Amino acid sequence: MTSSYLKFVSMIKTADLIQISSLNFSYGKSEIFQNLDVGFSAGKVTAIMGGSGSGKTTILKLIGGQVRPQKGRVICDSKVVNHMRHNELFAHRKTIGMLFQFGALFTDLNVFDNVAFPLREQTALPDAAIKDLVLLKLHAVGLRGASRLMPAELSGGMARRVALARAIALDPSLMLYDEPFTGLDPISTAITGNLIRTLNDTLGITSVFVTHDIKASFKVADEVVLLSRGCVTARGKPEDLMESTDPLVQQFVNGEVDGPVPFHVRSRSYREDLALVQSENLK
Amino acid sequence: MERSVIDLWVGIFVALGIAALLFLALKAGNVDSIIKSEGYLVSAEFDNIGGLKAKAPVKSAGVIVGRVDNVSFSNQSLRAVVKLNLDKQFQFPKDSSASILTSGLLGDQFVGIDPGGALENLQDGDRVRITQSAIVLEKVIGQFLYGKMSEKNGD
Amino acid sequence: MTLFKTMLSKLGRKTIDSLWTLGVASTFIFRVIARSSIVIRRPNLLVAEMHFAGVLSLVIIIVSGLFVGLVLGLQGYETLKRYGSTGAVGTLVALSLVRELGPVVSALLFASRAGSAITAEIGIMKTTEQLSAMEMMAVDPYARVIAPMFWGGVLSMPLLAAIFSAMGIIGGYLITVVVIGVDSGAFWSQMQASVDFHHDILNGVIKSVVFGTAVSAISVYEGYASVPTAEGVSKAVTRTVVTSALAVLALDFVLTAFMFTGAH
């Protein structure tokens, strides 16, 4: 009790925008997090990394209130997200922009209408003002010329940029990115990384993104959080992680085939399996 | 721009739907039955109502002048009591008679009113004195057979 | 013996699953109806969905109605000819359509064309995370997407059923009076004498509203509950059409028994 309180106090001192404390989360029967404690500093770009199934995307969902933990708290801007009621939650979400893995653009609206969507739904601005804002956001991501295209006509990278423009339409104070680099060519990856960094600095917001891509994320992130087996294995600046002596961190950062995360899935010994087949043949 | 075209099509759609409903109601259905005009209740007692049901038509000279409101049994007279809801625009003399008739040979049954000659008309709550019960087919056949038998035996 | 046991337990599990699904679906529909006030505040959404469900079904409804009417007229004439009552073919066509075929067949067609489209649309939106994205933009997908689709279906159904019945009567008229030569006066007058507004037409409308609600509810639920993969969506679409068809036919029996028998 007292230790988490002290942690809480210490986190306030270092100006964490988001604080996850003593969190338990299970999805059905599989336990993803047990007693997770992690914070994300305000104004910084933080990368969440880890193996598949380590719960990276779940953290984004917890911050956005899309899922609730079985135990523990998710605190964002001094408010407890998982205790919020319907209206509070929607107010909270208006301050967050989220970029989904493949963009999640509305397929029946064109690029312009997609970016205009949050403005039309959440504000009462006149059409002229909305038009200016949309073009501004599209310009920021370099796609002002694509405003009449339909999502089906866009490449993956372009679709994600449009989705990014849409996510920043309401000028959020927190940006969440779900695997922004996955499936992109090197140029698009560089563009996306650049956008994440530039937006964070020019708009003075906090950014958290989830990824596998070591090279791209280390170039962009201020801090990296490495998750493994449901808890924080390592945390620090990209340079610190590169120099870490922890074998798990080393395996992940260097992309080694075998190490603390084993190559072979748990099974009977090879001998037993083969022997079984042999003895069956003999019968 | 696209929005107004959609609006137009939905407008056409709704108009078509309402037109279809009106078509069904007016052309295919019974216009008179839509307007529930003012009516007055008279009762009539019958020995046998046959297959007469509530909502069956009440006709005079072949024209529908009302509907059967309900059918019940009287414990005092031990006869069937039929309440007739007659349209206010049709007035009948107090000595009119009511009979239960069949439309066609095997059709639905209805109440036929034959006007009398009295000077006063039936009012709400009055009773039709002269009634003719339904012709029950089995009884007619029975009578016919009985008659035939007695003819044979009598001769 | 064990085979019998496993079959029995499978049946038991399926029954419990079905009841559980029914419960989940009902809760879902209640939530959709609870968030439906947007339909009044922003009628544009409803209009767009009525276009999606209703207008785009017009062609199949009109053509099918016409054909059903043609067949009814033809078959009816052939049969009535034997009893010398071909004048009653108008009554036959009108009553069959207004009481039964109009609401039921148009509901089945609606389920296969509009219902499946609704399920696919919602399912794909779920698969591509569009619904999640909407949630994260603080827009309630129940109110913005699902409720308008539900009410669009409910409101479109009675109109489509009426159009179907009307087209059917026109089809019956075309084949019997125009082609075969049944007396036009007999056709219409006998029809008017036997089709009662309250008893037949209104009941038919009530049926189509009930069917519309059922089909829309099933379509919307299956879309929302679909597994977010391509295979999941296609399975959901199949389930929509099959479940809707069964529901419509079962409800038809219940409503017919209630409306058209006894002392009503």
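**Helix packing and chain contacts**

In helix α4 of chain C, the residues C:I61, C:G65, C:V68, C:G69, C:L70, C:L72, C:G73, C:G76 and C:Y77 are buried (20 or more other C-beta atoms, placed from the backbone, within 10 Å of the residue's own). This is a predicted model, in which local features need pLDDT of at least 70 and side-chain atom pairs count only at pLDDT 80 or more, while totals for chains, interfaces and linings use all residues. Residues are numbered from 1 along each chain as its sequence is written, with chains lettered from A and ligands numbered from 1 in the order written.

The cover over the buried residues of α4(C) includes α5 and α7 (141-180) of chain C; helices are DSSP runs (H or I, at least four residues) numbered from the N terminus. Helix α4(C) covers residues 58-81, and its 24 residues should span 34 Å at 1.5 Å a residue, in agreement with end C-alpha atoms that are 34 Å apart (the expected span is 1.5 Å times one less than the number of residues).

Helix α5(C), residues 89-127, also packs with α10(C), residues 230-260, at about 150°, with axes 9 Å apart (lines fitted to C-alpha atoms over the stretch in contact, with angles from 0 to 180 degrees between N-to-C directions). The two helices are therefore roughly antiparallel (over 145 degrees). Their contact comprises 13 nonpolar, 8 polar and 2 charged residues (Ala, Val, Leu, Ile, Met, Phe, Trp, Tyr, Cys and Pro are nonpolar; Asp, Glu, Lys and Arg charged; the others, Gly among them, polar).

Between chains, 21 residues of chain B are in contact with 26 of chain C (C-beta atoms, placed from the backbone, within 7 Å). The chain B side has 14 nonpolar, 4 polar and 3 charged residues. Chain C also contacts chain A, through 10 residues of chain C and 14 of chain A; the chain C side there has 5 nonpolar, 3 polar and 2 charged residues.

Methods:
Angles under 35 degrees count as roughly parallel, over 145 as roughly antiparallel, 65 to 115 as roughly perpendicular and the rest as oblique. A residue is buried if 20 or more other C-beta atoms lie within 10 Å of its own, exposed if 12 or fewer, and partly exposed in between; C-beta atoms are placed from the backbone. Two residues are in contact if their C-beta atoms, placed from the backbone, lie within 7 Å.
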